[in-house]
Amino acid sequence: MSMEMDRLAIASVGAVVGVVIWLGWSALNWVWLRPRRLERRLREQGLSGTSYKLLFGDMKDSSDMTERAKSGKISFTWLGPNPRVNIMDPELVKEILSKNFHFRKLRSNPLAKLLANGLASYEDEQWTRHRKLINPAFHIEKLKHMLPAFDTSCSEMISAWENMVSTQGFCELDVWPFLQALSSDVISRTAFGSNYEEGRRIFQLQTEQAEHTIKALNSIYIPGWRFMPTKRNNRMKEIEKEVKASLRAMIDKRLKAMKAGEASNEDLLGKMLESNLREVQDSGKDGKKAAGMMMSIDEVIEECKLFYFAGQETTSVLLVWTMVLLSKHPHWQQLAREEVLQVFGNSKPNFDGLNRLKIVTMILNEVLRLYPPAVVMIRVIHEETKLGRLCLPAGTILSIPIILLHHDGKVWGDDAKEFNPERFSEGLSKATKNGVVSFFPFGWGPRICIGQNFAMLEAKMAVAMILQRFSFELSPSYTHAPYTVITLQPQYGAHLILHKI
């Protein structure tokens, strides 16, 4: 009996030792051996880059990473133990963005999923299924029905500004929080049929979640760290729980109304649920097929979180930089105002008229070029992949610095860093000096932002209505400080002086 117990003890100790050795080898391979192999493979192909530093890579030396990307050459830096290859060739960018089944979204930190985990982060069959179900909600004919909601939201903001300038005819204010509230209100009305007040708490929570997400993404993620009860982890999980509960209540209320025949399907949530229901009906009595084609309630919640965050962020930053740049360039502000008054006079903007605003469209494109909402796109490959002349090893991260591509003098000309909407006068294809399209504010290829037309239509409506009623200039207290919190935002707000027309 004693000998048997001794053998079991020895076997147990041997198993533990084996596990410890395996874990140690895996850790050593992850933090040192594999990165060094990848670095050697990249250098053998003529790429220059920083030497790998144990575990943290170049995460604390972003200035070096930026300078290497600015050089325009294909080079690499390190994101933790993974090499990050900077791609500045527009043709290679297009190849990466068009082959979305080879070049994948990076999921380096599971905590980022707590912000939003909808269409923008899905892959393969799940992405195809969600794109099919959500596409109808963003069809251009559907967007026409959203103009009244755009108008109502814009009118409320403009009325508030008019009250502020009524006594003296002008006032100084920070327009940034107003534009955030405007785009939030638009999303609430067009996505969920509610007003901004009803969705205010969700927006506040998602804004806080974005700040926590940025901090999480800027630190190396150690597997299993998300389960540690740190202050940030606990708070991110609390936010997710509250946001999910609010959205679930909203969806349950809508489903109940739909079953009773009382719900409108004109908003994005209604169209998404209607599209979901149509898939069930088309599948007939095949319950398994229906389950495979439709979205679960949890998936609908994730898409709602994405609507709330991405829809609000993209348009608000586009509008704030548009007002800042038109304040700096009053000539273009006046040209845009003359066009708006010629098309609409003092009447409410309509869909056909908004599509005829050539100068306003040129201005918005130039703003998106200089201040793209997302300054970088990241992709990753999971198997050895050819890209141009390169053969990239599995695990390589590809960094597409959109803002540097948009400011590249070799593509856009010597005035690449200057505000010149005239470059878009003949459309996107002729905007660059060499005919190479290098404009990716909403991405490109199959995964181009599904809400692009929505954002541009909302922005045109807001700009047109603002120009009808106000002229504006920079306040002496304005400080130009773009910084990234998921999107490119004005760190100290946008203090302008508004004049009533």
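Student: Hi! Is the crossing of H12 and H18 left-handed or right-handed?
Tutor: Hi! H12 and H18 cross in a right-handed way. Keep in mind as we go that this is a predicted model.

Student: Noted. What angle do H12 and H18 pack at, and how far apart are their axes?
Tutor: The angle is about 35 degrees, and the axes of H12 and H18 lie 10 Å apart. In general, a pair of packed helices is described by the angle between the axes and the distance between them.

Student: Which residues of H12 and H18 meet?
Tutor: From H12 you have Thr314, Thr315, Leu318, Leu319, Thr322 and Met323, and they meet Ala455, Met456, Glu458, Ala459, Ala462, Val463 and Ile466 of H18. Sorted by class, the contact of H12 with H18 has nine nonpolar, three polar and one charged residue.

Student: What about H6 and H18, how do they pack?
Tutor: H6 covers residues 147–165 and H18 covers residues 452–469, and these two helices pack at about 35 degrees with axes 10 Å apart. The crossing of H6 and H18 is right-handed.

Student: And which residues make the contact between H6 and H18?
Tutor: On the H6 side, the contact includes Phe150, Cys154, Ile158 and Trp161. On the H18 side, Phe454, Leu457, Met461 and Arg469 are among the residues taking part. By class, the contact of H6 with H18 has twelve nonpolar, one polar and four charged residues.

Student: You mentioned Cys154. Is Cys154 buried or exposed?
Tutor: Cys154 counts as buried because its relative accessible area is 1%, and the cut-off for buried is under 20%.

Student: How many disulfides does a search of the whole structure find?
Tutor: Searching the whole structure gives zero disulfides. As a reminder, a disulfide is a covalent bond that joins the sulfur atoms of two cysteines.

Student: Let's zoom out. How many helices and strands does the protein have?
Tutor: There are 18 helices and 13 strands in the protein. The protein has 501 residues, and 49% of them count as buried.

Student: What share of the contacts with a separation of 6 or more comes from residues 24 or more positions apart?
Tutor: That share is 72%.

Student: Can we look at single residues now? Where is Glu313, and is Glu313 buried or exposed?
Tutor: Glu313 is in helix H12. Glu313 counts as buried, because its relative accessibility is 5%. Setting aside neighbours within four places in sequence, Glu313 is in contact with Val485, Thr487 and Gln489.

Student: Where does Ser296 lie?
Tutor: Ser296 is in the loop between helix H11 (287–293) and helix H12 (297–328). Its relative accessible area is 36%, so Ser296 is partly exposed. Ser296 and Asn276 are 20 residues apart in sequence, and their C-alpha atoms are 9.2 Å apart in space.

Student: Now Asp124. What is its phi?
Tutor: Asp124 has a positive phi of about 55 degrees, although it is not a glycine. For comparison, most residues other than glycine have a negative phi. You will find Asp124 in helix H4, which covers residues 124–134.

Student: What does Asp124 touch, leaving out residues up to four places away in sequence?
Tutor: Asp124 touches Phe101 and Arg104 on that basis. Asp124 and Phe101 are 23 residues apart along the chain, with 6.8 Å between their C-alpha atoms. Asp124 itself is partly exposed, as its relative accessible area is 33%.

Student: Last one: which strand holds Ile497, and is Ile497 buried or exposed?
Tutor: Ile497 lies in strand E13, residues 495–500. Ile497 counts as buried because its relative accessibility is 16%, with the limit for buried being under 20%. Beyond its neighbours within four places in sequence, Ile497 contacts several residues, including Phe170, Cys171, Phe472, Leu474 and Pro476.

Student: And how far is Ile497 from Ser327 in space?
Tutor: From C-alpha to C-alpha, Ile497 and Ser327 are 9.1 Å apart, and in sequence they are 170 residues apart.

Note on methods. Residues are numbered from 1 along each chain as its sequence is written. This is a predicted model: local features need pLDDT of at least 70, side-chain atom pairs count only at pLDDT 80 or more; totals for chains, interfaces and linings use all residues. Side-chain values use heavy atoms; hydrogens and water are left out. Axes are lines fitted to C-alpha atoms, for helices over the stretch in contact, and angles run from 0 to 180 degrees between N-to-C directions. Helices (H or I, at least four residues) and strands (E, at least two) are DSSP runs, numbered from the N terminus. A crossing is left-handed if the near helix is turned anticlockwise from the far one by less than a right angle, and right-handed if clockwise. Contact means heavy atoms within 4.5 Å. Ala, Val, Leu, Ile, Met, Phe, Trp, Tyr, Cys and Pro count as nonpolar, Asp, Glu, Lys and Arg as charged, and the others, Gly among them, as polar. Buried means under 20% relative accessible area, exposed over 50%, partly exposed in between (1.4 Å probe, protein chains only). A disulfide is a pair of cysteine sulfur atoms within 2.5 Å.
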